Amino acid sequence: MKRMSVLFAASALALTLGSAASAKTFVYCSEGSPEGFDPGLYTAGTTFDASSKTVYNRLVEFKKGSTEVVPGLAEKWEISEDGLTYTFHLRKGAKFQTTEFFTPTRDLTADDVIFTFDRQFNKSNPFAAYAGDATYGYYSDMALPTLVKAWEKVDDSTVKLTLNEPNAPMLATLAMDFASVMSKEYADKLIADGTPEKLNQQPLGTGPFAFVAYQQDAVIRYKSNPDYWGGKQAIDDLIFAITPDASVRIQRLKAGECHMAAYPNPADIPGLKGDASLNVMEQSGLNVGYLAYNTTQPPFDKPEVRRAMNMAINKDAILEAVYPGIGQIAKNPIPPTLWGYNNAVEDDKYDPEAAKAALEKAGVANASVKLWAMPVARPYNPNGRRMAELVQADFAKVGINAEIISYDWTQYLKLAGDPKHEGIVMAGWTGDNGDPDNFFTPLLGCNGVGSGNKAVWCNKDFDALIQKASRTPDQAERAKIYEEAQVIFKKEAPWATIAHSTVVLPVSKKVTGYAMDPLGSHRFDGVDISE
C-alpha cells in the first residue's frame with residue numbers, strides 16, 4: 001500500500017465522486033488513518049470506525065444511538081444463576097462477505113467465534129503474534145485473561161463462555177470492538193498461503209459493508225454487503241476520505257465533496273450552524289481528555305510532584321482556547337454523565353505559586369520534561385497542539401521546561417502504550433460500552449499497563465476496588481465502590497484531568513438515518529442519502 005500525495009488523493013476522491021454521482025455513494029471526511037483493520041489489535045476509535053463498525057459484527061451489539069446491548073451474531077443467550085456461564089445461540093444464515101480476495105464456502109459457525117477469542121490469549125494460535133509489535137491489548141486491558149476460564153463450542157451454532165468469577169459488565173464488554181468475530185476459514189487460508197498479515201490489511205467479516213481497498217493516509221473504500229444478515233444497505237459505496245486538517249474537512253463538506261466531517265474546530269461551529277445545507281448534530285460526550293504522567297519515571301514517580309504539576313495547569317484558559325462552548329473541566333477520570341461519578345471529589349486548584357513551592361520542596365526545580373502533543377483532533381481534544389502550548393507555558397511559570405514532541409497518529413498510539421515512554425502523554429478516552437469499568441480497568445488498572453494505561457500506574461488498593469466493583473452485581477453498590485476508587489485516583493494523581501467535551505458533528509441535510517453514538521463511534525448502517 002503505497003503512500004499517495006495529498007494532491008493525488010484529492011484528485012482520486014474527486015474522480016470517485018464524479019463517476020459515482022448516480023449511485024448511492026456516501027463520503028465521510030475522517031480525521032485520521034486507521035492503524036490497521038483487525039480491531040482486536042487496537043484501541044483507537046479512528047481504527048474502529050474503519051474496521052469493526054463497517055466490516056464486522058460481534059456476538060452482541062449496542063443498539064444504534066444507545067448503550068443498550070441487543071442481539072448481534074448471537075440471536076439469544078442464557079446466563080447461569082451463578083453468573084459464571086454464558087451460552088450464546090448463533091444466528092442462522094449469517095454470511096461472511098464475498099470479496100475479490102476471498103470467497104467463503106460456509107456461513108458463520110461456532111468455530112469462527114472460538115477462533116476470534118482463542119487467538120487473543122492462546123500463545124500457540126498461529127495468529128497470537130502475527131502483527132509484529134501490535135498485540136491484543138484490549139483483551140488484556142479488560143482483564144479477560146484472568147476472567148475467562150474457557151470458550152467452548154457446544155455445536156456448530158452454540159458457544160459457551162465460562163468465567164472464573166462473575167463479571168457484571170461482561171455482556172457490554174463482548175459488544176466492544178475488540179470482540180468482532182472473524183472468519184476462521186479466511187484466517188486458515190492466509191496461514192496456508194503464508195500471508196497472515198493480510199488479516200490486518202484486507203478485513204473480511206459479516207458486517208454491513210465489505211472492504212474494497214485502502215490507499216494509505218488518503219482513501220478507504222467499501223461496498224454494501226449484499227448478503228448482510230441485517231439487510232443490504234441503501235448506500236452502495238462508502239468512502240472514508242482521510243483528512244487530518246479540520247479546516248480542510250469543513251471545506252470539503254461545504255463544497256459537497258463529503259457528506260459528513262468529523263470533529264470541526266470549535267471556532268467554526270457557529271458558522272456551520274448558520275449553513276442552511278447542513279445539520280449540525282450535538283451530544284454530550286462520554287469522554288475525558290487528560291495528560292498521563294509516566295509514574296514509573298522521575299520526577300513523576302512521586303505523587304506530590306504530580307499533584308504540584310496539576311496545580312500549575314490553568315484549565316479555565318485551556319477550556320476557553322481549546323474547547324470554546326463545547327467543554328467542561330474534568331476532575332475525575334470518568335464523565336459526570338456516567339453513573340458512579342463522585343461529585344464530592346475536589347479538583348486540583350490552579351495555584352502556580354503553591355505549585356512552584358511544592359516542586360522546589362520535592363527537589364524538582366528547573367526540571368526538563370517531554371510533553372506529548374496529540375497530532376489529530378479527537379472528540380475529547382479538538383486541538384492537541386494548542387493544548388500542549390498552553391500547558392508548556394503554564395509549566396514554564398513554575399520552573400518546568402516542557403519540550404513538546406509529537407508523531408503521526410499511528411506511531412503516537414504505538415509509542416504511548418510503551419511503559420518505557422518518556423514524559424507526559426496527552427491522551428483521552430471515549431467510553432466503549434457505557435460502563436465505568438470501561439474507563440477504570442483499561443486506563444488505570446494494572447492489566448492496562450503496556451497498552452491503555454499510559455500512566456503506567458499500578459496501585460494495588462485502586463486495582464482491588466475496581467476488581468471488586470466488576471464482581472458486584474448490584475449497580476448501586478458498584479457505584480459506591482467506584483466513588484471510593486476516584487478518591488484514591490485524585491490523591492495519587494496519575495493524570496492531570498483536563499476536560500470533557502460536547503461532540504459536534506456537521507452532516508449534509510441530504511443524509512438520513514444517521515444517529516450520533518454516545519460511545520463516540522461512527523456507524524453507517526441504516527444511513528441513506530436523499531436526492
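What is the mean pLDDT of the chain, and what share of its residues reach 70 or more? The mean is 94, and 96% of the residues reach 70 or more; pLDDT is the predictor's confidence in each residue, from 0 to 100. This is a predicted model, in which local features need pLDDT of at least 70 and side-chain atom pairs count only at pLDDT 80 or more, while totals for chains, interfaces and linings use all residues. Residues are numbered from 1 along each chain as its sequence is written, and side-chain values use heavy atoms, with hydrogens and water left out.

**Where to read with care**

- Residues 1–12 have a pLDDT that stays under 50, and the model gives them 15 contacts beyond four places in sequence; a contact means heavy atoms within 4.5 Å.
- Residues 14–21 are also below 50 in pLDDT, with five contacts in the model beyond near neighbours in sequence.

**The nonpolar core**

- The largest nonpolar core has 167 residues, and Phe26, Trp151 and Tyr222 touch the most other members. Such a core is a set of buried Ala, Val, Leu, Ile, Met, Phe, Trp, Tyr and Cys residues joined through side-chain atoms within 4.5 Å; buried means under 20% relative accessible area, exposed over 50%, and partly exposed in between (1.4 Å probe, protein chains only).
- Strands (E, at least two residues) and helices (H or I, at least four) are DSSP runs, numbered from the N terminus.
- Leaving aside residues up to four places away in sequence, Phe26 touches a set that includes Ile235, Leu238, His259, Met260, Val511 and Phe524.
- As general background, nonpolar side chains tend to be buried together in soluble globular proteins.

- Helix H3 covers residues 110–121, and its 12 residues reach 17 Å from the first C-alpha to the last, close to the 16 Å expected at 1.5 Å a residue. The expected span is 1.5 Å times one less than the number of residues.
- Nine of the 12 residues of H3 are buried, so this helix is largely enclosed by the rest of the structure. Among the buried ones are Asp112, Phe115, Phe117 and Arg119.
- The cover over those buried H3 residues includes strands E5, E6 and E7 along with helices H4 (137–141), H6 (170–174) and H7 (184–193).
- In helix H10 (residues 303–311), the buried residues are Pro303, Val305, Arg306, Ala308, Met309 and Asn310.
- The buried side of H10 packs against elements including strand E13 (287–293), helix H13 (384–397), helix H17 (475–492) and strand E18 (495–508).

- Ala74 has Leu90 of E5 as its bridge partner. Five residues lie between E4 and E5 in this hairpin, and Gly83 in the turn has a positive phi of about 75°.
- Strands E6 (residues 148–155) and E7 (residues 158–163) run antiparallel and are joined by six bridges. The hairpin connects them through two residues, and Lys153 is bridged to Val159 of E7.
- Asp155 sits in strand E6 and counts as partly exposed at 35% relative accessibility. Asp155 is 44 residues from Asp111 in sequence, and their C-alpha atoms are 9.1 Å apart.

**Cysteines**

- The structure holds one disulfide, which is a pair of cysteine sulfur atoms within 2.5 Å. Cys446 and Cys458 form this disulfide, with their sulfur atoms 2.0 Å apart.
- Cys446 and Cys458 both lie in the loop between helix H15 (437–444) and helix H16 (460–471), so the pair ties together parts that are 12 residues apart in sequence.
- The torsion about the S-S bond is about 95°, so the disulfide is right-handed.
- Cys458 is partly exposed at 37% relative accessibility, whereas Cys29 is buried at 0% and Cys258 is buried at 2%.

**Backbone points to check on screen**

- Pro298 and Pro299 are joined by a cis peptide bond with omega of about 0°, and Pro299 belongs to the loop between E13 and H10.
- Tyr263 has a positive phi of about 45° although it is not a glycine. Tyr263 lies in the loop between strand E11 (260–261) and helix H9 (269–273) and is buried at 7% relative accessibility.
- Ala493, in the loop between H17 and E18, has a positive phi near 50° and is buried at 3% relative accessibility.

Key. Two strands pair if DSSP finds at least two bridges between them.
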